[in-house]
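The following exercises are to be worked with the sequence and the structure at hand. Each task is followed by a solution in steps.

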Amino acid sequence: MPSRPPSLAALRKQRAKQQTPVQPTRWFILCAASGTLIAALGLMLLYLTRARIEIRPEEHAHYREALRVLGNDGLEPTDNNVRFALRLIDAATTPYSNHDFQTIEPFGWLPGPTSVVKDIEADGHNLTLLPLETGFAKVWLVKDFVSQEEASELLTLGSRADFGTSFTKHSDGQEWRSSSSAVLKRDNAVVDRLRRRAAMVCGVRTSFVEDLQIVRYRPGERYQPHMDSDGPHHRHWTLLLYLNDPGGGGATGFPLLQLRVMPAPRAAILWENLRSEPGIALPIRNYYTLHDGQAPTGEHPKFAVNIWIRNSEYAPGMA
Ligand SMILES: O=C(O)CCC(=O)C(=O)O
């Protein structure tokens, strides 16, 4: 039986097949290119993974800063010290919430059953020191560091003071410290008396006390976390005296102690910026004293006086 001629469609298919044969060289090139691409991607992935794992700590800015801080304080870069210095840097640079903090309202606070209250007769003025923290740092509340008359006199001096932008070494400058300050001259009787009183509280000579510095925070202004002391011969104690109630906010916060003290007229907080460590002759900075001045949120500015007390002679103008 004669076979039927192939259909037109079948003929077209057959011709197309004959015209585009799979050439072995093209096939090889295609395989080689895909293989190379896959290998390159694999290598890149491996490199990225290893690079992530192998970022060495000394390449991290905070780690380098932690080593610098420890070096300045004469501390060995042991694991514990580095860890704590990193905590300090973190607390000083990261916004924090006061949420879980112990809040001290000077007029409402009562000493706990185990508090050892210290009464001091300084300069004809009876002071009661209430311990707020004794474990990690030494911090006291002095409920009435000055009389009503003395506080009024200091506020009057503040109203006449030439407040300038406060000095800051921080890279964020006035964004970091927007409050302002002025030095109170020693030739005022109240200023002179307070220098003597502060020296008596700390058991040192009046010549160890720096010139008093009045600080002003207008609503919204602040001073972000910092330490007051630069080292063993710098500010050993800080006595921060509140002159008024700004009507909201304006606390002094200690992020590493989870403590904040609300300002109340005539009350002061006293803390020791330095601590001793076995095997180290000179006192070293206590990182737990990192603190800030929080912004007043009411209508009034906050006024306070910084009294810094050293453990050696202070001459005006000394760094
Ligand atoms: O005003 C405060 O609560 C803190 C003040 C302070 O830290 C400072 O002036 O160094």
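A strand is here a DSSP run of type E with at least two residues, and strands are numbered from the N terminus. The model is a predicted one.

**Exercise 1.** Determine in which strand isoleucine 307 lies, and whether isoleucine 307 is buried or exposed.

*Solution.* Step 1: isoleucine 307 belongs to strand S16. Step 2: a residue counts as buried if 20 or more other C-beta atoms lie within 10 Å of its own. Step 3: isoleucine 307 is classed as buried because it has 27 C-beta neighbours inside 10 Å. For the chain of 319 residues, the buried share is 30%.

**Exercise 2.** Identify the residues that isoleucine 307 touches, leaving aside those up to four places away in sequence.

*Solution.* Step 1: the contacts are Leu194, Ala198, Val209, Leu212, Leu239 and Leu241. Step 2: for valine 209, the C-alpha to C-alpha distance from isoleucine 307 is 7.2 Å, while 98 residues separate the two in sequence. Step 3: in the chain, 72% of the contacts with a separation of 6 or more join residues 24 or more positions apart.

**Exercise 3.** List the residues around the ligand, and state which elements give two or more of them.

*Solution.* Step 1: the shell consists of Val215, Tyr223, Asp228, Leu240, Thr252, His291, Gly293, Ala304 and Asn306. Step 2: strand S15 (291-293) and strand S16 (302-310) are the elements that each supply two or more residues. Step 3: sorted by class, the shell holds four nonpolar, four polar and one charged residues.

Key: Residues numbered from 1 in each chain as written. Predicted model: local features only at pLDDT ≥ 70, side-chain atom pairs only at ≥ 80, totals over all residues. Buried ≥ 20, exposed ≤ 12 C-beta atoms within 10 Å, placed from the backbone. Contact = placed C-beta atoms within 7 Å. Near = placed C-beta within 6 Å. Helix = DSSP H or I, 4+ residues; strand = E, 2+ residues; numbered from the N terminus. Nonpolar A, V, L, I, M, F, W, Y, C, P; charged D, E, K, R; others polar.
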